[in-house]
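Let's take a look around this one together. Have the sequence and the 3D view open, and we'll go through it question by question.

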Amino acid sequence: MMSEFYRNIVIATDGSENSLRAISYGIEIAKLSGATVHALYVTDITSFSSMPMDAGLEAIYDTLREEGEKAISVVKEHGDASGVEVREVRLEGHPSNEIINFAENNDIDLIVVGTLGKSGLDRFLLGSVAEKVVRGSKVPVLVVRSEKQD
């Protein structure tokens with residue numbers, strides 16, 4: 001049964017194992033509704049964007065972009081396995097702002113995000129990103145809790 005309720009779904013991912021549960025939920029909703037998934041990874045360059053780019057910062061930037069490629073490819077693989085169309089989206093900037101702006105400017109019907117990121121400070125920051133998306137988005141947001149809750 002196809003639904004017109006969800007036509008375009010954003011799955012925002014950070015590439016962590018914890019994001020796999022959010023990816024599964026987003027892909028399943030897309031499969032049931034016939035929606036297109038937009039796999040979104042935001043390279044967070046806000047912490048070093050005001051610094052001059054030297055070899056060290058360039059290496060960090062390249063690593064972040066590579067992580068983004070891997071994160072998006074996981075969503076694509078899940079989508080392909082389920083027969084769901086996945087469009088890859090890579091953005092740069094502040095993650096919550098970019099997720100909200102992308103959703104509001106691209107006819108997105110649902111944003112799917114996880115609550116826990118990688119570990120330590122990254123984990124705190126992803127929780128912060130999810131909260132900011134929930135608070136700031138005009139588009140409905142599905143927050144998927146990780147199975148591991150410390």
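Two strands count as paired if DSSP finds at least two bridges between them. Keep in mind that this is a predicted model.

Q: In what order do the five strands of the open sheet lie?
A: Strands of a sheet pair through backbone hydrogen bonds, either parallel or antiparallel. Here the pairing is parallel. The edge strands, which pair on one side only, are β3 (86–92) and β5 (141–144). Going across the open sheet, the order is β3-β2-β1-β4-β5.

Q: What angle does the direction of α1 make with that of β1?
A: Helix α1 packs on the sheet and touches β1, β2, β3, β4 and β5. As for directions, α1 and β1 make an angle of about 170°.

Q: At roughly what angle do the axes of helix α1 and helix α2 cross?
A: Two packed helices are described by the angle between their axes and the distance between the axes. For α1 (residues 19–33) and α2 (residues 55–82), the axes come within 10 Å. The crossing is right-handed, and its angle is roughly 35°.

Q: How many nonpolar residues are in the contact of α1 with α2?
A: On the α1 side you'll find Leu20, Ile23, Ser24, Ile27 and Lys31, meeting Val74, Val75, His78, Gly79 and Ser82 in α2. By class, four residues of this contact are polar and one is charged, while the number of nonpolar ones is five.

Q: Does Thr43 count as buried or exposed?
A: Thr43 lies in strand β2 (residues 36–43). Leaving out residues up to four places away in sequence, Thr43 touches Leu64, Arg65, Leu91, Glu92 and Gly93. Buried means under 20% relative accessible area. Thr43 has a relative accessibility of 3%, so Thr43 counts as buried.

How values were computed:
Residues numbered from 1 in each chain as written. Predicted model: local features only at pLDDT ≥ 70, side-chain atom pairs only at ≥ 80, totals over all residues. Heavy atoms only, no water. Helix = DSSP H or I, 4+ residues; strand = E, 2+ residues; numbered from the N terminus. Buried < 20%, exposed > 50% of the residue type's maximum accessible area, 1.4 Å probe, protein only. Contact = heavy atoms within 4.5 Å. Axes fitted to C-alpha atoms, helices over the stretch in contact; angles between N-to-C directions. Left-handed = near helix turned anticlockwise from the far one by under 90°. Nonpolar A, V, L, I, M, F, W, Y, C, P; charged D, E, K, R; others polar.
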